[in-house]
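Here are a few exercises to work through with the model open in your viewer. Try each one yourself before reading the solution.

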Amino acid sequence: MNRTLPAKLALLALLLPGVALAKTSDRNQPMDLEANSNDCNLTDDSGKCTFTGNVVITQGTLVIHAAAADLFRKNGEIDRVVLTGKQATLEQEMDDGSKMNARANNMDYNVNSEVIILTGNYKVESPRGTNSGEKMTYNTRTGNMQSGGDGTRVRTVIQPKNKPAAPASPAAKPAAAPAAKPAAAPAAGSKK
């Protein structure tokens, strides 16, 4: 299999705009692909490799689960990766230690243009927020994301920046002991 595949698939983890970058060290880790079956001609420089049935792709902290994965090659290089399933999922740790999760019925990544298209009830989640809908196009090179506009609704939730912890309130002072009641003054006109 093409040795550039690990670096190319690792870019799938850059799905949500504004999040920290995917764990950089993952790109230098070996990639492991597992499936119930595989149909691939390694002597053909242009063609398709298909992995089907409980596909699991791991590389460092990147973990992808899909029903099927199609890897398209052009001139011996991986040109496009299509992940399908109900639903294909992707999880990766970011350089800042946070997790990013994505799911969609279809994830289509074009290696040369560095554009990924999520379709079919997609959702991308990170500590900074979520984005969900029916179709999202994300350019991993420029950070440009487009979703909606096709008559379907899009939902975006943006989390507030972490605020510094409020200063601790001063410790409460113990309540003073009640003052002794003064002796009652003699009533007017009484002799004492």
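**Exercise 1.** Find the salt bridges in this predicted model. Which side chains meet in them, and are those residues buried or partly exposed?

*Solution.* Start with the count: it comes to three salt bridges.

- Step 1. Arg80 and Asp108 meet at 2.8 Å, N to O. Arg80 sits in strand β5 and Asp108 in strand β6, so this pair ties together parts that are 28 residues apart in sequence. Now check burial. Buried means under 20% relative accessible area, so Asp108, at 18%, counts as buried. Arg80 has 30% and is partly exposed.
- Step 2. Glu91 pairs with Lys99, with the closest N and O atoms 3.3 Å apart. Glu91 is partly exposed at 32%, and Lys99 is partly exposed at 38%.
- Step 3. Lys123 and Glu125 meet at 3.8 Å, N to O. Lys123 comes out at 25%, partly exposed, and Glu125 at 29%, partly exposed.

**Exercise 2.** Track down the disulfide and say how accessible each cysteine is.

*Solution.* There is one disulfide to find. Cys40 and Cys49 form it, with their sulfur atoms 1.7 Å apart. Next, look at each end: Cys40 is partly exposed, with a relative accessible area of 27%, while Cys49 is buried at 3%.

**Exercise 3.** Work out which strands pair with β8.

*Solution.* Go partner by partner.

- Step 1. β7 runs antiparallel to β8, joined by 10 bridges. Thr119 stands opposite Lys135 in β8. The two strands form a hairpin with two residues between them.
- Step 2. β9 (residues 145-147) also runs antiparallel to β8, through three bridges. Met136 has Ser147 in β9 as its bridge partner. This hairpin has five residues between its strands, and Gly143 in the turn shows a positive phi of about 85°.
- Step 3. β10 (residues 155-158) pairs with β8 in the antiparallel sense over four bridges. Here Ser132 is partnered by Arg155.

**Exercise 4.** Which residues of the largest nonpolar core touch the most other members, and which elements give two or more residues to that core?

*Solution.* The core has 28 residues, and Leu83, Met107 and Leu118 touch the most other members. The elements giving two or more residues are β3, β4, β5, β6, β7 and β8. Now zoom in on Met107. Leaving aside neighbours within four places in sequence, its contacts include Leu83, Leu90, Ala102, Ile116 and Leu118.

Methods
Residues numbered from 1 in each chain as written. Predicted model: local features only at pLDDT ≥ 70, side-chain atom pairs only at ≥ 80, totals over all residues. Heavy atoms only, no water. Core = buried A, V, L, I, M, F, W, Y, C linked by side-chain atoms within 4.5 Å. Buried < 20%, exposed > 50% of the residue type's maximum accessible area, 1.4 Å probe, protein only. Contact = heavy atoms within 4.5 Å. Pairing = 2+ DSSP bridges. Disulfide = S-S within 2.5 Å. Salt bridge = Lys/Arg side-chain N within 4 Å of Asp/Glu carboxyl O.
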